[in-house]
Amino acid sequence: MKTSVCLIIILALFRITAVAQSSFDKNKVMDFFQNQQVEEAVNYLTPAFAADTKNIQLLGYLGYAYYMNDNTKEAENVYRQIVLTDPDNIAALQYLALLNKNDSPNEALQYTRRLILIQPLKAGYYRSMGELFKRKDEQDSAFVYFSKAYVLAPTDYKNGVGLADVLIDRKEYNRADS
């Protein structure tokens, strides 16, 4: 009898844990996003977040909802929490780089460097680094990164434009023209 009661209690605890782990409905969240109901998504996800602060998928949805709701500070906090749990989370690193590119370009550089280390063949990351260095008026570094972006994806006009802009700033008009 005691064994049966203990077994029932253990099974109940496992069920409670399973319910807590799936404390939100992904389809419902996607419906909120599809219908541009980001405030409702935040309101729906916040209690689930309070119950499970380590769920990367939940954090990702919540960060995106904050971002889409123009609550960039909260979005940044959530994405930082994701990176603490999963330092190689590409989406979180991309959003952190994006959120910091204007106010904290040095921080954005660090996130973009991590993205390059994780995916070294993505031209967009090199272009982002070039743009960040160009904003900081570090033309030599911008040239290096725009050049790499152009080598990786020569048909992407944004890489060519970025490289040409740096070459023009360096007064290398013949190279910029070709």
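Visitor: Leaving aside its neighbours within four places in sequence, which residues is G130 in contact with?
Guide: Beyond those neighbours, G130 is in contact with A142, Y145 and F146. Bear in mind that this is a predicted model.

Visitor: Which helix does G130 lie in?
Guide: Helix α8 holds G130. That helix runs over residues 123-135.

Visitor: Is G130 buried or exposed?
Guide: G130 is buried. Its relative accessible area is 0%, and buried means under 20%, so G130 qualifies.

Visitor: How far is G130 from N159?
Guide: Their C-alpha atoms are separated by 9.4 Å. Along the chain, G130 and N159 are 29 residues apart.

Visitor: Let's zoom out. How many helices and strands does the protein have?
Guide: It has eleven helices and zero strands. Read along the sequence, the pattern is α-α-α-α-α-α-α-α-α-α-α.

Visitor: What share of the residues is buried?
Guide: Buried residues make up 34% of the 178 in the protein.

Visitor: And contacts between residues at least 6 apart in sequence: what percentage join residues at least 24 apart?
Guide: Of those contacts, 42% do.

Visitor: Now helix pairs. At what angle do the axes of α4 and α5 cross?
Guide: They cross at roughly 160°. The two axes come within 8 Å. Helix α4 covers residues 56-68, and helix α5 covers residues 72-85.

Visitor: What does that make α4 relative to α5?
Guide: Roughly antiparallel, because angles over 145 degrees count that way. The crossing of α4 past α5 is left-handed.

Visitor: Which residues of α4 and α5 meet?
Guide: From α4 come I56, L59, G60, L62, G63, Y64, Y66 and Y67. From α5 come E74, A75, V78, Y79, Q81, I82 and T85.

Visitor: How do the residues of that contact of α4 with α5 divide?
Guide: Ten are nonpolar, four are polar and one is charged.

Visitor: Next pair. At what angle do α6 and α7 pack?
Guide: The angle is about 155°, with the axes 8 Å apart. Therefore α6 and α7 are roughly antiparallel to each other. Their crossing is left-handed.

Visitor: Which residues make the contact between α6 and α7?
Guide: In α6, they are I90, L93, Q94, L96, A97 and N100. In α7, they are P105, E107, A108, Y111, T112, R114, L115 and I118. By class, this contact of α6 with α7 has nine nonpolar, three polar and two charged residues.

Visitor: Stay on α7. How many Å should its residues span?
Guide: Helix α7 has 14 residues, 105-118, and at 1.5 Å a residue they should span 20 Å. The end C-alpha atoms are 20 Å apart, which agrees.

Visitor: Which residues in α7 are buried?
Guide: A108, L109, Y111, T112, L115 and I116 are.

Visitor: What covers the buried residues of α7?
Guide: The cover includes α5, α6, α8 and α9. Helix α6 spans 90-100, and α9 spans 139-152.

Visitor: One more residue. Where is the place of E40?
Guide: E40 sits in helix α3, residues 38-51. Its relative accessible area is 38%, and E40 is partly exposed.

Visitor: How far apart in space are E40 and A65?
Guide: C-alpha to C-alpha, they are 9.0 Å apart. In sequence, E40 and A65 are 25 residues apart.

Conventions
Residues are numbered from 1 along each chain as its sequence is written. This is a predicted model: local features need pLDDT of at least 70, side-chain atom pairs count only at pLDDT 80 or more; totals for chains, interfaces and linings use all residues. Side-chain values use heavy atoms; hydrogens and water are left out. Axes are lines fitted to C-alpha atoms, for helices over the stretch in contact, and angles run from 0 to 180 degrees between N-to-C directions. Helices (H or I, at least four residues) and strands (E, at least two) are DSSP runs, numbered from the N terminus. Angles under 35 degrees count as roughly parallel, over 145 as roughly antiparallel, 65 to 115 as roughly perpendicular and the rest as oblique. A crossing is left-handed if the near helix is turned anticlockwise from the far one by less than a right angle, and right-handed if clockwise. Contact means heavy atoms within 4.5 Å. Ala, Val, Leu, Ile, Met, Phe, Trp, Tyr, Cys and Pro count as nonpolar, Asp, Glu, Lys and Arg as charged, and the others, Gly among them, as polar. The expected span of a helix is 1.5 Å times one less than its number of residues. Buried means under 20% relative accessible area, exposed over 50%, partly exposed in between (1.4 Å probe, protein chains only).
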